[in-house]
Structures are given as structure tokens and as C-alpha cells.
Amino acid sequence: MSKVDGDAPGDDGGKLKRAIGPGLLLLFIVGDVLGTGIYALTGKVAEEVGGIVWLPFLVAFFVATLTACSYLELVTKYPKAAGAALYTEKAFGIHFVTFLVAFAVMSSGLTSSSTAARAFAENFSTGFGVELGGWAVTLIGLGFVAVIALINMRGVGESVMVNAVFTCIELTGLIIIIVIGMLVFGSGEADIGKAFEFGNREDGIFWPVIAGTTLAFFAMVGFEDSVNMAEETKEPSRIFPRILFAGLGIAALLYLVVSIVAISIVPVEELAEGDTPLLKVVETGAPGFPPWVFGLITMIAVGNSALINLLMASRLVYGMSEEGVLPSVLGKVNRSRKTPVTAILFTTLLAAGLITFVGAVPELGGTTALLLLAVFAVVNVAVLVLKRDKVDHDHFRTPVWVALAGALTCAFLVGPWTGRDPVQYAIAAVLIGIGVVLWALTRLWMRKS
């Protein structure tokens, strides 16, 4: 029996501090799923499908729910940090595969954080009416990531409390959008019929919706992030199932309502321009509303995504170090704060590199979705392999057909037939190539130490 098998729910034998209860976990999931996905990429999804912008999000949530069931069996069975990489190691026991899955998940968190950091800078520019050049946007993004790293260094309790405050603020922003929508609909100036217009596309509706779904899947990073926090969650085997389903349900409802309001007020062409789609809804539907107020809310929302994803990435690196997949130096924990200090520094430096050298939000967001879908396919297979592995505590059980459906849908959405921008494959290939090099260096390091 491995060292994680015997971990009863709520066991505090690990080095990390268990500071996340049900309420904070729910806010963690909701804040992460909403974040940059709805505040920065709604327009890009609309560019793919026209008025039915809500449909790709709905499909993405359906696919994510299938995979969430597999994650729930595994996180309640093995309530430790490292998430998908841990499950891959236990299912297949191949160091190279485990390392690449760990690196892919970490990269998805870093590309997501980098997307959020750049969107933060873009919203600062738009919301406050400040003209920023490319390097200014990059410098603001780098400074922002440095602040996030300091918050993570402070402690998980402080980080999730900041997340809770940020989530409440971003929910306020979405409520503002919904209220504006109600007022505009009430005055007869909005056309809900636009939300059911596909547009004149010669390739039909199926493939554009699939292309939109591959981008919308960026939002689904939320529950992958949450399982990496299992070791810092109180009674994870008991609370994860209901909290994860509740979080996904709340987020799905908000995505549907907000996307319908947005497309009913702002023309598709305008919504698809730039990285501030919801700010355009406010400017069009409520021109008297101070743009800097909503700009600030949007900055906090995308900042929340960066906070959560860097938090996740550092815990993944820590967890893999604890499992012997990464060098032990990356598993060092600050004795007073109980935070994985070297893992936080390592992941922050990688995020800074992405912000500096890869600029566009859609490409980074799409790359995040691509990496996640590939990892989700592996996790759905892993849960089938681990069905025969028994542990000494109760845990969630997902039906075999659900895991199979999750694996097939995720694998399908990875392929080039989805209409994904080839640049996303190029970025992913570079990241995985770096991962292969790091794997080789890691093996050499570990053999010498």
C-alpha cells in the first residue's frame, strides 16, 4: 500500500496546513471557473459561433462534469496534493508519463495565470483610459505575478481568504451585468433573439461550436486546481463531491445568463474585439456607469484566476516532489508559514517567462484548454485502471460509462479537426518539449543525489 492509500479523510499527517473548509472551497472553485474565462474570453467564443455564444460554454460544462466525476473518485480516494499527476503515477507507474502529465497540468496553470496577468494589464489600460504599449502591458503583468507570489508565500489561509474576497467582487461584477441586462431588456433596447442566431457559416453549426468549446474549456481549469489543494482541505473525502458539483452548477448558470445578456446588448463583431468583452456590455447598456469601476472589478476577477492557478501549480510541484517524481528541493516547506516556498518561486519564474515571450490571450487560453483536455483524457482512463485499487476509507465512485464518455469526449476535443488555432499546438509542443528536457535533467539530478 502506498503512502497515500492509508490517508484517512482529514488526516493531518502531511506538511501542508489544512485551512480550506467547505465555504472557502466553494468560493475557490466558483472564482476560478468564472475568472478570466467569462471576463476575458466570452468575445473570442462569440467570434467562433456568433450569437449562440452560450452553447460552447454549455457543451464545455457537460464534458467537464463527466471528467469531474472521475476526479471526485480519485481525490476522495487519494486526498493528497498533485492531482492528475498523482493519479497517473498510481495507475501506470511510468515516471516519464507521470512527469509529462505533471508538467502539462503545471503548464496549463501557468498559461492560465499568464493569460490572466496580461488580461489584468489590458483591463487596466481600457478601464482607466491609459494608453499602454506592449512592453508596458508586459511589465504590469510581471509586477502583478510578483504580488501574487508574495500572497502565496504568506500562507494558504491568507491566499484562500484573498480568493474569497476576490470571488465576491467578481460575482458582484456579474450581478452588475445581469442587472444592466434586465434594465436594457425592460426598456426594449436589447434583442434576446440574437442569442439564438448562428450567422451565415458555410461549414454548418457543429464544427464552429466544437471550436468554440475548445476555447470555452479554458474555464474548466477550476476543478483541476481544486483537487491539487486536497492536502490543505479539511475532510476532503467527505466535502469534495457536493462542493465540486455545486461550484460547477453555479458557474454554469452564470455563464449562460451573462453570455446571453452580453450578446443581446453588444453586436458580435464588437464583443469579439479585444480582451474586455464585459466592459463593452457596461459601456453600451449603461453608458453612465463609470468604466473604471467595472474595469477594476474585471482586473480583480482575472487577478483571482492568476492567484488560484499559481497556487495550484506550486502545490502540484510540491506534491510531485513528495512523491519522488521531482527533485526534493522543490518540496521544501517554510516552517513558520507552512507554504512550499521553492515550488512557488519556481512556478512564478516560469509564469513570468510566458508573460514575457507569449503575448496573446486567445492563444494562451486555448493552449490552457488543449493541455487540460489531454490531461483529462488520461485521468478518465486512470480512474478505470484504479477501480481495482482498494483504500481503507469511503470515497466517491463514478460509473464506468461516465469515465469512458469523459475519456472519449476529451480525446476528441484535443484533435486538430476541432478547428483549433495551430499556434496553440505550437505553444503546447514547446512547453512539452521543455518538459521532456526537464525530465531528463531531473533523472540525472535524482540519480546523483
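**Exercise 1: E235**

Determine whether E235 is buried, partly exposed or exposed, locate E235, and give its phi.

*Solution.* Step 1. The relative accessible area of E235 is 38%. The classes are buried for under 20%, exposed for over 50% and partly exposed in between, with a 1.4 Å probe and protein chains only. E235 is therefore partly exposed.

Step 1. The model is predicted, so local features need pLDDT of at least 70 and side-chain atom pairs count only at pLDDT 80 or more, whereas totals for chains, interfaces and linings use all residues. Residues are numbered from 1 along each chain as its sequence is written, and side-chain values use heavy atoms, with hydrogens and water left out.

Step 2. E235 is placed in the loop between α9 (221-227) and α10. Helices are DSSP runs of H or I with at least four residues, numbered from the N terminus.

Step 3. Phi of E235 is positive, about 50°, although the residue is not a glycine. Most residues other than glycine have a negative phi.

**Exercise 2: the packing of α7 with α10**

Describe the geometry and the residue classes of the contact between α7 and α10.

*Solution.* Step 1. Helix α7 spans residues 156-186 and helix α10 spans residues 236-265; their axes come within 10 Å and cross at roughly 45°. Axes are lines fitted to C-alpha atoms, for helices over the stretch in contact, and angles run from 0 to 180 degrees between N-to-C directions.

Step 1. Angles under 35 degrees count as roughly parallel, over 145 as roughly antiparallel, 65 to 115 as roughly perpendicular, and the rest as oblique. α7 and α10 are therefore oblique to each other.

Step 2. The crossing of α7 over α10 is left-handed. The contact is made on the α7 side by L171, L174, I177, I178, I180, G181, V184 and F185, and on the α10 side by L254, V257, V258, V261, S264 and I265. Here contact means heavy atoms within 4.5 Å.

Step 3. By class, this contact of α7 with α10 holds 12 nonpolar, two polar and no charged residues. Ala, Val, Leu, Ile, Met, Phe, Trp, Tyr, Cys and Pro count as nonpolar, Asp, Glu, Lys and Arg as charged, and the others, Gly among them, as polar.

Step 4. V261 belongs to α10 and, at 6% relative accessibility, counts as buried. Leaving aside neighbours within four places in sequence, V261 is in contact with I177, G181 and F185.

**Exercise 3: the packing of α7 with α12**

State the angle, axis distance and handedness for α7 and α12, and list the contact residues.

*Solution.* Step 1. α7 packs against helix α12 (residues 277-285) at an angle of about 35°, with the axes 10 Å apart.

Step 1. L174, I177, I180 and V184 of α7 meet L278, V281, V282 and G285 of α12. These residues divide into seven nonpolar, one polar and no charged.

**Exercise 4: helix α2 and its partner α8**

How many residues of α2 are buried, and how are α2 and α8 oriented to each other?

*Solution.* Step 1. Helix α2 covers residues 42-49, and six of its eight residues are buried, so it is largely enclosed by the rest of the structure. The buried residues are T42, G43, K44, V45, A46 and V49.

Step 1. G50 follows α2 and has a positive phi, near 75°.

Step 2. The axes of α2 and helix α8 (residues 206-216) come within 8 Å and cross at roughly 165°. The two helices are therefore roughly antiparallel to each other, and the crossing is right-handed.

Step 3. On α2, the residues K44, V45, E48 and V49 meet P208, V209, A211, G212, L215 and A216 of α8. By class, the contact of α2 with α8 comprises seven nonpolar, one polar and two charged residues.

**Exercise 5: cysteines**

How many disulfides does the structure hold?

*Solution.* Step 1. A disulfide is a pair of cysteine sulfur atoms within 2.5 Å. The structure holds zero disulfides.

Step 1. For C69, the nearest cysteine sulfur is that of C410, 12 Å away.

Step 2. C69 counts as buried at 12% relative accessibility, and C410 is buried at 0% relative accessible area.

How values were computed:
A crossing is left-handed if the near helix is turned anticlockwise from the far one by less than a right angle, and right-handed if clockwise.
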